[in-house]
Amino acid sequence: MDTIQLAAVSVISQVLNNGRNLNQVLSEVIRTIPEITSQQRGALQDLSFGTLRYYGQLSKVLDALLTRPLQDIQIRFLLLVALYQLHYSKAAQHAVVDFAVNAVRKRNPAASGLVNAILRNFLRKQEQLIADAGRTEEGRYSYQQWWINLIKSQYGENAEVVLLAGNQRPPMTLRVNHRQTTSAEYLNLLTQNSIKASLIEPDAILLEHPEAVDKLPGFMDGMVSVQDAGAQYAVCFLDVKDGMRVLDACAAPGGKSAHLLESAQIDLIALDKDELRLERVRENMLRLHLNATLLQGDAATPSDWWDGKQYQRILADVPCSATGVVRRHPDIKWLRRASDIENFALQQQQILNALWPLLEGGGKLLYVTCSIFGRENQQVITDFIAGQSDASQIPLAATGMKQGQLLPNDQHDGFFYALLHKKI
Ligand SMILES: C[S@@+](CC[C@H](N)C(=O)[O-])C[C@H]1O[C@@H](n2cnc3c(N)ncnc32)[C@H](O)[C@@H]1O
């Protein structure tokens, strides 16, 4: 286990010290341990995600246990990983402590006594230490204070629910490819394979427990994809019909592009700024047996890539703070800066302004973010409409709502939707 603890320390250190993406670092670290079993891989993922998910709380606990600051930041990370294990996992307590002590002995023998004392002290006073950590908001919710303040000012008495929802383990949801099967047939197939699941939206099947994709029947042949139910609303809201010319302006990795193609016979142009991420769209299209025109380009500068033919529908799933999906990406909670939000809003505004002339009169543009901050959501839309005489915000399909702010819950992640109509 100490190999896995140390691997988790390496992941956390690269995320927090070097500002790197958790999923990328995790894959790289896994590649450095060729003998890793699938069970150990799962454990490493749990330790890395869990420690970052509760980093605010665990840091407060550790600070209360230290009489003076630790000089070696790697030992601090090791202690945080061990505290996560002791408080949140089912691992045997004595084993967690022994492995942490052994791991630190290899690195800095002089510190092993301190590590032993801190972890044993935690076990003795666990309840009190957790309660004390909860007296500060960072310790109670495990977010940066500016983030907590923003959520409180926006969501008032609902703020705690929103913050705590971001610390849950995310659900795993599938999207059924209706070109290959029906939701009812696929649910049956899951039952035959002893995978418990339920249908929560017309194309969305929620799994009772997350599964590796290679265990999902027909996954490799394109029968289903993994996609959050909140992301699946895009297709219903955009209201595409056979024969339409549609632009997905920020398409990678292609989840919504593929869903659009699964639901209607359309001519789809999938654009993304990032060539590498566009490769993911290509792979997804291949697996699902779908066809789209893939273009590398910046949605904010259409003169570089646009062929001059207007679109009847545009999906603008713009870059954003991703604050609605932190339970899938807990690194975001610690890497985002308050100033990022304004920068995203400016980028979003530029993309909207640039895409609007590409939309045919009578056409619709669906603006999407996975943010829960109003600055990137309704405020961008309100500012945009104020500057356009031919744009209006219209209700989101059958919901009748104009503002589609979804908050993370046990069925879906946090998303924002706004549908814009262009005058003829
Ligand atoms: C939220 S993700 C899109 C997810 C995608 N729609 C899906 O459902 O799978 C945002 C994407 O926008 C791309 N992007 C960021 N800035 C862009 C820009 N200026 N022009 C085009 N794509 C951009 C990113 O590379 C990223 O792939």
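Which residues does valine 246 touch, not counting residues up to four places away in sequence? The views below start there. This is a predicted model, in which local features need pLDDT of at least 70, side-chain atom pairs count only at pLDDT 80 or more, and totals for chains, interfaces and linings use all residues. Residues are numbered from 1 along each chain as its sequence is written, and side-chain values use heavy atoms, with hydrogens and water left out.

**View 1. Valine 246 and the largest nonpolar core.** Leaving aside residues up to four places away in sequence, valine 246 touches Leu238, Val240, Leu260, Ile266, Asp267, Leu268, Ile269, Tyr311 and Arg313; contact here means heavy atoms within 4.5 Å. Val246 is also one of the residues that touch the most other members of the 51-residue core, along with Trp147, Ile151, Leu260, Ile266, Leu366 and Tyr417. A nonpolar core is a set of buried Ala, Val, Leu, Ile, Met, Phe, Trp, Tyr and Cys residues joined through side-chain atoms within 4.5 Å. Buried means under 20% relative accessible area, exposed over 50%, and partly exposed in between, using a 1.4 Å probe and protein chains only. Elements giving two or more residues to this core include α9 (145-155), α12 (229-238), α13 and β6 (267-272). Helix α12 supplies the largest share, 6 residues. Helices (H or I, at least four residues) and strands (E, at least two) are DSSP runs, numbered from the N terminus. Then there's a second, separate core of 50 residues, with Ile30, Leu66, Leu83 and Val104 among them.

**View 2. Lysine 256 in helix α13.** Lysine 256 sits in α13, which spans residues 255-263. It counts as buried because its relative accessibility is 11%. The lysine 256 side chain makes a polar contact of 2.6 Å with the side chain of aspartate 317. For a polar contact, take a pair of N or O atoms within 3.5 Å; within protein, one must be able to donate a hydrogen and the other to accept it, and residues adjacent in sequence count only if both atoms are side-chain atoms. A polar side-chain atom of lysine 256 also lies 3.1 Å from a ligand oxygen atom.

View 3. An N or O atom in the arginine 277 side chain is 2.7 Å from a ligand oxygen atom, while a polar backbone atom of cysteine 250 is 3.1 Å from a ligand nitrogen atom. The protein covers 86% of the 600 Å² of accessible area that the ligand has on its own, an area from the Shrake-Rupley method with a 1.4 Å probe.

**View 4. Glutamate 137 at helix α8.** Glutamate 137 belongs to α8, residues 137-141. It is buried, as its relative accessible area is 19%. Its side chain joins that of lysine 152 in a polar contact of 2.6 Å.

View 5. Histidine 289 is exposed, at 57% relative accessible area. Alanine 322 likewise has a positive phi of about 60° without being a glycine, but alanine 322 is buried, at 12%.
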